[in-house]
Structures are given as C-alpha cells and as structure tokens.
Amino acid sequence: MATISIATLGCKVNQFESEALIDALEQRGYTLVPFGEGTDITIINTCTVTHRADFQSRQLVRRAFRANPNSLIIVTGCYPQVEPDAFFKMKGVRYILGNREKNQIPTLLSLMQRDEFPKVQVGDIQKEILFSEMPLHSFHRHTRAFLKIQDGCNSRCSYCIVPYARGPSRSLQPERVLENLKV
C-alpha cells in the first residue's frame with residue numbers, strides 16, 4: 001500500500017484533525033512516514049492565523065516538493081479555505097481542499113491518485129451548520145489526548161480570521177462528547 005506523511009501547522013483543532021486523518025488512512029492500509037522522507041502522498045494541514053503561519057504553510061509545500069517531487073501533494077486547512085489561489089500555481093501542489101473537504105480525504109484519495117478529482121475543492125464554509133465529526137480511535141502521537149468538540153466562531157473580531165477559515169460556531173452533541181470520552 002502507499003506511504004503517506006502529514007505535516008500540521010496551527011491549533012489543537014488542526015492537530016486533532018490530522019490525527020483523525022492518520023487514523024483513518026492507517027485503517028485503510030496506508031503507511032505513515034515522517035514528513036520530509038520519500039512518500040507517495042503528502043498532506044499539509046495549514047494554518048492562516050498570522051502572516052507567519054501563511055509563510056510556514058507555503059514553506060512546507062516547497063520543502064515537501066524538494067524532498068519528493070513525485071509525491072501527490074495535498075494542501076488543506078485554514079489557509080486554502082480563505083485563499084486557495086495562494087497554492088494554485090505552487091510547484092508540486094496537486095490538490096487544494098478546504099476545511100469542509102478535509103475529513104473526506106481518506107475516501108477521496110483513490111480518486112486523487114488516479115487524477116479523477118478536481119484540483120481545487122473549497123466549499124463555502126459559511127454555510128456549514130452541522131458539526132463534522134472525525135472519528136479517532138487512538139491518539140498515539142501525542143502525550144495527551146484531546147477531543148474536538150467545537151469548530152468555528154460566531155464572533156467577528158476585526159483582527160481574527162477564524163470565522164472565515166472555520167465558519168460559524170458548531171458543536172459536537174453532548175451525548176457524543178461523553179461517548180468519545182469513554183473511548
């Protein structure tokens with residue numbers, strides 16, 4: 001089966017989502033390889049909370065391409081959600097997915113590997129009304145586990161991009177929180 005690496009920038013929400021992606025991909029038979037090593041597929045889960053985070057996201061794309069120009073590079077997360085064009089012409093980027101589409105990567109990967117998927121998939125995150133739960137069966141790449149129970153923000157602070165990158169506030173149902181805590 002194919003090898004995969006994931007680089008994650010940003011908050012604990014991104015860290016949780018990357019862990020959930022790794023978990024789902026490993027269950028499908030993919031082998032996780034450290035970022036920067038030779039790999040068939042590279043996923044870069046970006047942040048855009050500062051200009052520095054934007055720079056680091058672009059830098060990771062260039063680093064991934066230099067390390068392995070034949071890798072299928074997928075850029076996802078907050079930065080492409082608010083500015084997909086930033087990655088459109090970057091060398092090596094094959095797919096650009098927004099935050100809504102991120103959790104679909106495990107099921108869409110076979111289409112991507114066959115080039116049967118549109119290059120840019122960034123939906124209108126402002127229309128999100130339901131919490132998108134990403135199952136996670138183990139949290140073995142961190143010393144402490146955490147649980148994603150809320151996404152987005154309804155505040156529109158003049159200095160903050162989170163509502164534009166993550167959409168309106170949505171929460172995991174309380175009974176699902178309790179079920180996930182027991183796992």
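Predicted model: local features only at pLDDT ≥ 70, side-chain atom pairs only at ≥ 80, totals over all residues.
Reader: OK, helices. At what angle do H1 and H6 pack?

Author: About 60°, with the axes 9 Å apart. H1 covers residues 12-27 and H6 covers residues 105-113. Axes are lines fitted to C-alpha atoms, for helices over the stretch in contact, and angles run from 0 to 180 degrees between N-to-C directions. Helices (H or I, at least four residues) and strands (E, at least two) are DSSP runs, numbered from the N terminus.

Reader: What do we call that arrangement of H1 and H6?

Author: H1 is oblique to H6. Angles under 35 degrees count as roughly parallel, over 145 as roughly antiparallel, 65 to 115 as roughly perpendicular, and the rest as oblique.

Reader: Which residues of H1 and H6 meet?

Author: From H1, Leu21, Ala24 and Leu25; from H6, Ile105, Pro106 and Leu109. Contact means heavy atoms within 4.5 Å.

Reader: New topic. How many salt bridges are there?

Author: The count comes to 11. A salt bridge is a side-chain nitrogen of Lys or Arg within 4 Å of a carboxyl oxygen of Asp or Glu.

Reader: Which residue forms a salt bridge with Lys102?

Author: Glu17, with the closest N and O atoms 2.5 Å apart. Lys102 is in helix H5 (residues 99-102) and Glu17 in H1, 85 residues apart. Both Lys102 and Glu17 are buried. Buried means under 20% relative accessible area, exposed over 50%, and partly exposed in between (1.4 Å probe, protein chains only).

Reader: And what about Arg166 and Glu17?

Author: Their side chains also meet in a salt bridge, 2.9 Å from N to O. Arg166 lies in helix H7 (residues 162-166) and Glu17 in helix H1, so the pair ties together parts that are 149 residues apart in sequence. Arg166 is buried, like Glu17.

Reader: Where do Arg94 and Asp115 lie?

Author: Arg94 is in strand E5 (residues 93-97), and Asp115 is in the loop between H6 and strand E6 (120-121). Their side chains meet in a salt bridge, 2.9 Å from N to O.

Reader: Is Asp115 buried or exposed?

Author: Asp115 is exposed, with a relative accessible area of 51%. Arg94 counts as partly exposed, at 30%. Asp115 also has a positive phi of about 55°, although it is not a glycine.

Reader: Which residues do salt bridges that share partners join into one network?

Author: Glu17, Lys102, Lys148, Asp151, Arg166 and Arg170.

Reader: Now the core. Which residues of the largest nonpolar core touch the most other members?

Author: Ile41, Ile43, Ile74, Leu109 and Met112, out of 20 residues. A nonpolar core is a set of buried Ala, Val, Leu, Ile, Met, Phe, Trp, Tyr and Cys residues joined through side-chain atoms within 4.5 Å.

Reader: Which elements give two or more residues to this core?

Author: Strand E1 (3-8), H1, strand E3 (41-46), strand E4 (72-77), E5 and H6. A second, separate core has 17 residues, including Leu9, Ile44, Phe87 and Ile96.

Reader: What does Arg58 touch?

Author: Tyr79, Phe87 and Met90, not counting residues up to four places away in sequence. Arg58 sits in helix H2 (residues 51-67). Arg58 is partly exposed, at 25% relative accessibility.

Reader: Last one. Where is His142?

Author: His142 is in the loop between E6 and strand E7 (150-151). Leaving aside neighbours within four places in sequence, His142 is in contact with Gln15 and Glu19. His142 and Glu19 are 123 residues apart in sequence and 9.3 Å apart in space, C-alpha to C-alpha.

Conventions
Residues numbered from 1 in each chain as written. Heavy atoms only, no water.
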